[in-house]
Amino acid sequence: MEAASRTFWSFDSLLLTCFILVIVSITIVGAEISDNKTIGRELRAYSQLDDRKEQDASSAAQMFNDNEKDIDIIATYSDASGTIRTSTVKMKDLSASWVLENPTNGDLHKLKGLQVLKLKDSYQTSKISEENVVDDHQLQEGENQNHQRASWSPVKFKRQELRQKRRDLRTAELVRQDKGADKEMQATAAIENLKNMDTVVKGKYSIWRRDFENPNSDSTLKLMRDQIIMAKAYANIAKSKNQIVLYNSLLEHVRENLRAIGEANSDAELHPSSLDHAKAMGHALSMAKDKLYDCHTVARKLRAMLLSTEDNVGSLKKRSAFLIQLAAKTVPKPLHCLPLQLAADYFVYGYQNKKDLNEEKLEDPSLYHYAIFSDNVLATSVVVNSTVLHANEPEKHVFHIVTDKLNFAAMRMWFILNAPEKATVQVENIDDFKWLNSSYCSVLRQLESARIKEYYFKANHPSSLSVGSDHLKYRNPKYLSMLNHLRFYLPEVYPKLNKILFLDDDIVVQKNLTPLWDIDLQGMVNGAVETCKESFHRFDKYLNFTNPKIVENFNPNACGWAFGMNMFDLKEWRKRNITAIYHRWQDMNEDRTLWKLGTLPPGLITFYNLTYPLDRKWHVLGLGYDPALNQTEIENAAVIHYNGNYKPWLDLAVSKYKSYWSKYVKFDNYYLQLCNISE
C-alpha cells in the first residue's frame, strides 16, 4: 500500500512537470513567432528591385511555391540594445527581394539535413545599378564590395543604411561649418586690410607734402594777406606807443608784401620772391609781438579794423548795385542804332503816309487781341514773332502795340517791313491819346510834380546816386513812363473789346495762347499766375503795412501775382469801375507812404480779390535774375518772362537762358546787320 502511494505521487509529480514544460514551450514559441514576424517585416522593407532581379525573385518564388515543403531559416541579428540574437524564419516569410545565391539548380528536395544557404538582397544590387557609369577599376572594386555584402543580414543592411545617412548629415554639417568659417575668415581678413590700409593718397592730393602742386592753391597768398592785417594792427599800436623804428619797419614790410601780391588770386600767380617776403614779415611780426603784444589792446584794434572793413564792404555793395542798375538800363549802342536807322528810312521813303491794313479787325471782339506797351523795337518783335509762330490760326490774332513819340516811327517801320504772316499789327503813339492828361490821370500828375523829380532824381545831389540803393530800381525810366501805367487804362484804350491779353516786352511765347480766352475767370477781372512760394512775394513785400490804411484793407499774407502775361476781362472791368479804384489809391499815395514807385503794388491793390489764379505752366518768371530755375519748367511753360535786370538783349543776360529768346530774332535782317546785332 505504501509502495502504491509512492508510485502515485511520482506519477503526479511527473505530470505536473510536463504541464509546466508545455506552458514554457508555448511561451517561447509565441515569442519566436513575434520575432519572426518582426524580422519578416524588416526584410520586406528592402524590396527595391530592377528588372533583372525581379526575374530572379519571381523564379525563386515559383520554385518555393512549387514545393509543398517549406525551409526553416535561422537568422542571426542584433536587437535595439545591441544583443545578438537568433531566430527561425520560414522561407515563405521572406519577401520577393530575397533569392538564394546558389539554389542547387532549383531543386530544394536535394537539401538534406541542416545546410547553410546564402541569401542575396536585391537592395544592394539595385543601389549599384543606379550609379553612373564608372571606369573598369571602380567597377571591379564595386563588384568585390557587393560580393562581400551579399552575406550580410537584413538588419546589418539597415544599420549600414542608417550609418550612411548619419555620415551624410555629418558631412553636410561639416561642409556648412567650413563655409561659415571661410566667410568669417574672409571678413576678418578684409577688416584687417582696411585697418592696415593707408587712406591718405600720396601725391598732389596731400596738401602737407612738400611736393604738393596745385595751381589753384592760395595758402601762401592767404598767409601774406593775414600778415598784412596783423602788421597794420601792430603798426598802429607801435605808433601810439611812440616806437617809430618798429612802426616804419612794419609799414615797409606791408608795402613789400603788397607789391609781391599785386593782383594775384592764387599761389601760382605770386612772384617767386613772395615766400621770402612772407618769412621776413613773419620775423618782423615776431619782434612786434614780443614788444607790443597785449591781448586787450590787440583785440580792440582788430575790432576797429573789422568795423572799418565792414563799412567799406557796404559802400562797395551800394556802388555795385548802382552799376548793375546802370548797366541794365543803359541802351547798348546796337539797340540805339536800330531805331535811328528805322526812323530815318521811315521818313525818307515816305512810310508815314501809309495806312494800316485790316482796320476792320482792330475792333472785332471775336478775334484774339494782344496789348503790348513798349519802346523796344527788337524786344517787341520777338514777342510778336514767337506768338504768331505758335498760333493755330494766325489770321485771327491782332496785336495792339503802343509806344512813345520817340520810337513810334521806328516801331511802325519795323512792322511794315517785317509784318508777321497773316496776323494784324497796329502801332500807336501814346501821345495821340488826348484823354490821357494830368487832370484825368493821377500818376501823370504826380510824375510831373517837382517833389517826385526831386525825390527820384535828386537833381541837387548827384552824388547820392552812388550813396544809397533804396530807390535805384525805381529810377528805371519805365517806372516813370506812362507806357508802364497805361495797363490801368485798357478799357479806355480799347473801348469795343471784351477781352484782351496783356504781354510785357521781355517775354517769349512758346505755346499756343488761344486757350486763355476760353478760361472762365469766374467774375474776376484779372487772370494771372500767382508768384507766392511759402513766405515770398506776398503783399507785405510790396506794401507798407505800418500804414493804417494798408493794414485795414489788405492781408499781409495775401498771395502776390505777376504782370507780364495777364488776361483782362474788360466787360467786368467797366462794370466794377476798376480804373476809379486805381485813381483813388494812387491819390492816397502821393506822399509815397503806401508803396514806392512802380506798377505792381498799385496793381495788387487795384485787383485785390479780383484776380483769378492761372496754372503756373502758363507763365514762368525769373529768367532775368535767377540762374537756378528748373530747366524742365522753362521748356514746358507757355510763356517765359525775363523779369529782372538780366534782359536777354543785354550782355548781362544769363547765357543758358538767352537762346530761348534769340531764336526768334531774325539776325539776317538788313537793319540788324547794319547795326551789328548778332547772336
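User: Which residues does Leu513 touch, not counting residues up to four places away in sequence?

Analyst: In this predicted model, Leu513 touches Tyr370, Leu501, Trp618, Ala638 and Val639, once residues up to four places away in sequence are set aside. Leu513 also belongs to the largest nonpolar core, which has 63 residues, and together with Leu338, Leu501 and Leu516 it is one of the members that touch the most others. The largest share of this core, seven residues, is supplied by helix 11 (residues 377–390). Apart from it lies another core, made of 47 residues, including Ala371, Val493, Phe545 and Leu594.

User: Why is the contact between Glu173 and Arg176 called a salt bridge?

Analyst: The N to O distance between the two side chains is 2.2 Å, and because the cut-off for a nitrogen of Lys or Arg and a carboxyl oxygen of Asp or Glu is 4 Å, the pair qualifies. Glu173 and Arg176 are separated by about one helical turn, because they stand three residues apart in helix 5 (residues 154–196). The structure holds nine salt bridges.

User: What makes Glu363 partly exposed but Lys496 exposed?

Analyst: Glu363 has a relative accessible area of 45%, which falls between the limits of 20% and 50% and therefore counts as partly exposed. For Lys496 the value is 52%, and exposed means over 50%, so Lys496 takes that label. The side chains of these residues meet in a salt bridge at 3.2 Å, N to O. Glu363 lies in the loop between helix 10 (333–348) and strand 5 (368–373), and Lys496 in the loop between helix 16 (490–493) and strand 8 (499–503), so the pair ties together parts that are 133 residues apart in sequence.

User: How do you know whether His485 is buried or exposed?

Analyst: His485, which lies in helix 15 (residues 482–485), has a relative accessibility of 1%, and since buried means under 20%, the residue is classed as buried.

User: And why is the pairing of His485 with Tyr582 called a polar contact?

Analyst: The side chains of His485 and Tyr582 come to 3.2 Å, and because the limit for such a pair of N or O atoms is 3.5 Å, the term polar contact applies.

Key
Residues are numbered from 1 along each chain as its sequence is written. This is a predicted model: local features need pLDDT of at least 70, side-chain atom pairs count only at pLDDT 80 or more; totals for chains, interfaces and linings use all residues. Side-chain values use heavy atoms; hydrogens and water are left out. A nonpolar core is a set of buried Ala, Val, Leu, Ile, Met, Phe, Trp, Tyr and Cys residues joined through side-chain atoms within 4.5 Å. Buried means under 20% relative accessible area, exposed over 50%, partly exposed in between (1.4 Å probe, protein chains only). Helices (H or I, at least four residues) and strands (E, at least two) are DSSP runs, numbered from the N terminus. Contact means heavy atoms within 4.5 Å. A polar contact is a pair of N or O atoms within 3.5 Å; within protein, one must be able to donate a hydrogen and the other to accept it, and residues adjacent in sequence count only if both atoms are side-chain atoms.
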